[in-house]
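Welcome! Here is a short briefing to read with the model open beside you. Take a look at the structure first, then follow the topics below.

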Amino acid sequence: MMGADKKRPLYVTQPVLPPLAEFMPYLEQIWDSKWLTNNGPFHRQFEQALCDYLGVKHIALFTNGTLALVTALQSLRITGEVITTPYSFVATAHSLLWNGIRPVFVDVDPVTLNLDPDKIEAAITPHTTAIMPVHCYGCPCDVVRIQEIADNYGLRVIYDAAHAFGVQSQGESVLNHGDLSILSFHATKVFNTFEGGAIVCQDAKTKRHIDHLKNFGFVDETTVVASGINGKMSEINAAFGMLQLKGIDAALQQRQTIDARYRKGLAGVTGIRCLSDAGEDVVNHSYFPIMVRPDYPLSRDALYHELSDHGIYARRYFYPLISDFPMYRGMPSAAHANLPVAREAASQVICLPIYPGLTDEQIESVIGLIAG
Ligand code: T4K
């Protein structure tokens with residue numbers, strides 16, 4: 001059995017970094033202009049370039065995805081209860097708590113691991129104001145059904161699209177659904193600006209309001225219209241984003257190739273299930289989750305440790321469930337019986353290394369270890 005080289009650990013992801021020399025002209029421009037932040041030239045260029053690349057109308061850049069989530073909720077003045085998924089990164093629900101909103105956890109669909117539309121209506125109460133689904137691993141939610149429910153009950157929809165950079169469903173960007181979508185450009189993401197994030201919105205008025213909110217509520221030098229925050233992306237991050245856009249198509253292509261290799265290599269392994277592939281959708285292969293089923297010879301955790309022992313640092317995204325963390329577990333919707341599908345997924349999932357630059361040999365070593 002071949003393992004990865006212990007001296008070169010394989011992480012679940014590695015950031016894509018262009019050659020340093022290519023970034024120098026961008027830095028020189030910033031040094032020359034002495035404009036470092038607060039809606040500078042790179043910030044403006046990057047917002048427009050992202051709109052063009054992603055096929056969306058309006059984007060407001062942020063320092064990170066979490067502040068984008070917190071501000072998105074503020075911008076729509078969401079209060080009371082929000083229906084969301086327990087099967088996500090903890091920032092999803094934390095953004096609600098930071099706004100004094102109560103998350104109401106609803107179980108996920110067994111195929112996509114996204115919020116199950118069949119279970120949303122039963123969780124709606126007179127206090128419900130919005131739904132916050134996550135396009136988990138970049139797999140699109142059932143946006144049509146979710147919008148129907150939202151329309152029937154007069155609810156807002158805010159997508160946590162942290163994983164969904166470049167994802168398309170039914171021929172258009174999945175970010176065009178719902179009232180707002182939030183992106184993350186964290187170092188570990190498909191598209192990174194070291195740290196970074198954005199809110200995608202559908203009209204110029206909303207974008208203006210969000211821009212005020214991320215700049216302390218300032219409209220002009222002397223007018224403050226809201227108790228805003230400092231969520232502005234700096235010129236360095238925006239410039240890096242401009243450079244990163246040049247390589248994104250190649251990076252997505254490499255991820256697709258790695259995804260296909262894993263699927264082929266793991267296809268016959270008893271007890272290992274790969275999540276369904278994209279079908280008609282354009283996805284970004286941001287993660288490669290496998291489910292370690294009871295008929296696999298090792299438990300999920302035993303396989304996870306076996307991989308680590310060979311220098312393969314896979315991750316159990318998303319274990320524990322958000323609803324199991326101390327600040328959530330006392331909530332009625334966090335009850336185990338309410339979330340059987342999410343609970344099973346959290347107990348079985350391992351996300352394998354996937355990032356541009358992963359070699360065929362490294363991929364084969366991961367497959368070899370799992371296949372035994
Ligand atoms: N909503 C969802 C659904 C999200 O998944 C996230 C973030 C958010 C909202 C919030 O967006 P941000 O506020 O972060 O923009 C990571 C990321 O920190 C987090 O951004 C991400 N989701 C989450 C799924 O994963 P950790 O604690 O697992 O990351 P960490 O530091 O253990 O890194 C994972 C691996 O990546 C490391 O083992 C090695 C590699 N790595 C990491 C970093 C930071 C590198 O090679 N280079 C690096 O610079 O949370």
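Lys34 sits in the loop between helix 1 (20-33) and helix 2 (41-54); helices (H or I, at least four residues) and strands (E, at least two) are DSSP runs, numbered from the N terminus. This is a predicted model, in which local features need pLDDT of at least 70 and side-chain atom pairs count only at pLDDT 80 or more, while totals for chains, interfaces and linings use all residues. Residues are numbered from 1 along each chain as its sequence is written, and side-chain values use heavy atoms, with hydrogens and water left out.

**Backbone features**

- As background, most residues other than glycine have a negative phi, and most peptide bonds are trans.
- Lys34 has a positive phi, near 60°, and is a residue other than glycine.
- Tyr317 and Phe318 are joined by a cis peptide bond with omega of about 10°.
- Another cis peptide bond runs from Tyr319 to Pro320, with omega near -5°.
- Where is Phe318 placed? Phe318 is in the loop between strand 15 (312-313) and helix 9 (340-348), and Pro320 is also found in the loop between strand 15 and helix 9.

**Around the ligand**

- The ligand is surrounded by 26 residues, counted when one of their heavy atoms lies within 4 Å of it.
- The closest of these residues are Gln14, Thr66, Asp160, Ser184 and Tyr317.
- By class, this shell has 11 nonpolar, 12 polar and 3 charged residues; here Ala, Val, Leu, Ile, Met, Phe, Trp, Tyr, Cys and Pro count as nonpolar, Asp, Glu, Lys and Arg as charged, and the others, Gly among them, as polar.
- The ligand lies between domain 1 (20-107 + 114-245) and domain 2 (248-371), because both give residues to the shell; the domain bounds come from an automatic or database domain assignment.

**Atom pairs and cover**

- An N or O atom in the side chain of Tyr317 is 2.5 Å from an oxygen atom of the ligand.
- For Lys189, a polar side-chain atom lies 2.8 Å from a nitrogen atom of the ligand.
- For His186, a polar side-chain atom lies 3.3 Å from an oxygen atom of the ligand.
- On its own the ligand has 920 Å² of accessible area, and the protein covers 76% of that (Shrake-Rupley method, 1.4 Å probe).
- Helix 3 (65-75) and helix 4 (91-97) are the elements that give two or more residues to the shell around the ligand.
- Helix 3 provides the largest share of the shell, 3 residues.

Definitions and conventions
A polar contact is a pair of N or O atoms within 3.5 Å; within protein, one must be able to donate a hydrogen and the other to accept it, and residues adjacent in sequence count only if both atoms are side-chain atoms.
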